[in-house]
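Please have the structure open beside you as you go.

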Amino acid sequence: MRGRGILGLILIVVVVAAVYAYFTAVNPVTRFVKEGLDLKGGVHVVLQATHPATHADMLKAETIIAYRANKLGISEPSIQLQGNNQIIVDLAGVKNQQEAIQMIGQTAQLVFKGPQGQIILTGKDLASASASIDQGYGNVVNLQFNAEGTKLFADATQKYLNQSISIWLDKNEIENANVQSVITGGQAFIYGGFPTLTKAQQTADLLNSGALPIPMRIIDAQTVSPTLGQDSIHASAVAILIAMALIILIMLGIYRYAGFIADIALAIYLILVVGALVAFGAVLTLPGIAGIILSAAIAVDANVIIFARIRDELRAGRTLGAAIDHGFKNALRAIMDSNVSTVIAAAVLYYFGTGEVRGFAVTLIIGILASFVTAVGVTRYLLRLSEDTVLVRNQKLFLG
Amino acid sequence: MPHFDFIGHRRTWFIVSLVVLVIAVGSLFLRGLNLGIDFTGGITYNLQFQKPVSAAEVRSVLQGQHIGNSVIQLVGTESGQTSRSVLVETPALTEHARYSLQTALQSHLGKYQITGLNKVTGTFSSELVQAGILAVLIASLAIVLYMMIRFDLRFALTGIAAIFYDAIVTIGLVALIHFQISQNIVPAVLIIIGYSLNDRIIIFDRIRENMRLRKRGESLLELTNRSLNQTLARSIITAVVVILAMAALLIFGGTTTHDLSAAILIGVVFGAYSSILFASPLWYIWVDRAERASAPASRRAAKAER
């Protein structure tokens, strides 16, 4: 049994060395984790109205652009009005910059025209749009008109029965169809012009967001450094290292060998979190780091709770092995309740929140799961491994 | 195990909690929050320097003008350290302050041109704040439901009341101290709520456990006190670890994250305080009343006779 204990200790040393090497040599955070506008910078786009615009127009355009950016899955974009007729959009983590910029600036003018080119209805008469694959027509965008649109469409299909109606999107005719029956249900779909389902989905998103009230043109698009400032980020990174060192030292100081094991668990926690961020392709922002900090604090707390319980059991006269078992068992209920309620709350925040709140919720969920695995699982495993070593004879050294 | 009589002094602690709450809410309404450019908007300068500058150099000049928490972005580079072209967003400045800034930039960083000067709105709208608050309220509801299932209604309601207490007191004290806040206040409040939730559950868990194995003849007051004393070492150690870590972030961290670490620091202190001296006494009073009300009439009569 003593061999197992020594093996465990060797394992610990190897893990510590590996973590150190991994974070210094590979530097996974800057290399593999995608970072947001605040930490990494992005593209700074200036859009300008091509015609005189009122303040109300600009506000509406800002709202629509924010909606589109969200639909594109851009994490925490920053959108501001500049001067009288400009909108600044800062984007980060955009896979296809050109596409994002184009889509944000698009007008998405939908027009249904009669046989002589007379306008029947426009995007204003839409209630909603969605994309799907149709057996016969391929990728289609389904349209649901509002009350006004339904009436206009019913009247038009009656008036132009057996004639053709054309559908225009941003001044391109994408469909010209023969009216075969009167449509009173306020539904239609458009096909043609959507080579992929993604393209159809984008068009649906654009239609849902509404047309920009005024045409806008991109007058400037430049790469910019992080909004939090390169200097501040560097200082904060150093500060986080100092804070980590403090935590490691305090745990060592209070709990000695058990504290050392808690530190190992914390190191593995960090690797798991970084790994999960990379695996999910999550974009790291300051609120995201806040989520990691909170879950790290909860992970440390879990170990403090466990060690306090083990101390209680030792004081009650149990042997070390029994004390570890009972200590974990007693602590587990509190830790589980805390973790489960936090994950539930974070899931709700993710579902109902936007931008910053979501960024926080994602890393918090990842962090809590990782902290449960490490602060409970890894700590228990390593403590059980060391149970048989020479340390057992010296309880002060084992648990402080 | 220490033997502090936390619950015996509950009136004192309620007065303390109430005074703090009044100060916090009063500051929030009378003094208000010191909102930074994320909320208020400001002025953007497009600056074109003759020689490349770093964000740190520009910030040190701005700090001299007391606008150190402006947004400074190097243009034409994502991760490079210097650039000739810099985008700076400052709060709205008086003509005098603007002149002073422009001279300071030139004397420290050399010749430059202003290629663009624009008024911009904030990146953070009140709708975003409202959406965030709504999300938090719904999440609180979920927490209450979970605690009702795992604990009971009394734990759930006193727990959530104390969580809101922590969040409101923190925001109020931020208003009192009046340091400028950015949109970082959102993650800060979320951390405080999360920390507070964890702390409440850990301590309520011990009370729940002791209630199940309640010793014969142990009064509720003794039981609650015993639970708090049993968890006291853990409460102190965890609070101290987190407080020291946050203090390190505040002292060594960058200018643009000071508001974040300062708010969390305040929140963690109150989170630790309110679990022991606000949430638990509140729970005690409620349960104590219920126990008295449900005690058999005969015993009450016997007590009255004595």
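Predicted model: local features only at pLDDT ≥ 70, side-chain atom pairs only at ≥ 80, totals over all residues.

1. Strand β9 of chain A, residues 164–169, is joined to β10(A) by 6 bridges, and the two run antiparallel.

2. Stepping back, these strands sit in an open sheet of 4 strands in chain A, ordered β6-β5-β9-β10 with antiparallel pairing. At its edges stand β6 (119–122) and β10 (172–178) of chain A; each has a single partner strand, so one side of each is left without a neighbour in the sheet. On average, and ignoring direction, neighbouring strands of this sheet are turned by 20° against each other.

3. Do look at the helix here too. Helix α6 of chain A, residues 147–159, packs on the sheet and touches β6 and β9 of chain A. The direction of α6 makes about 155° with that of β6(A).

4. Now for the partner chain: 63 residues of chain A are in contact with 62 residues of chain B. On the chain A side, the elements giving two or more residues are β3 (78–82), β12 (216–224), α8 (230–280), α9 (286–315), α10 (320–352) and α11 (355–386). The largest share, 15 residues, comes from α8(A).

5. Lastly, the make-up of that side. The residues of chain A that touch chain B divide into 37 nonpolar, 20 polar and 6 charged.

Conventions:
Residues numbered from 1 in each chain as written. Chains lettered and ligands numbered in written order. Contact = placed C-beta atoms within 7 Å. Nonpolar A, V, L, I, M, F, W, Y, C, P; charged D, E, K, R; others polar. Pairing = 2+ DSSP bridges. Axes fitted to C-alpha atoms, helices over the stretch in contact; angles between N-to-C directions.
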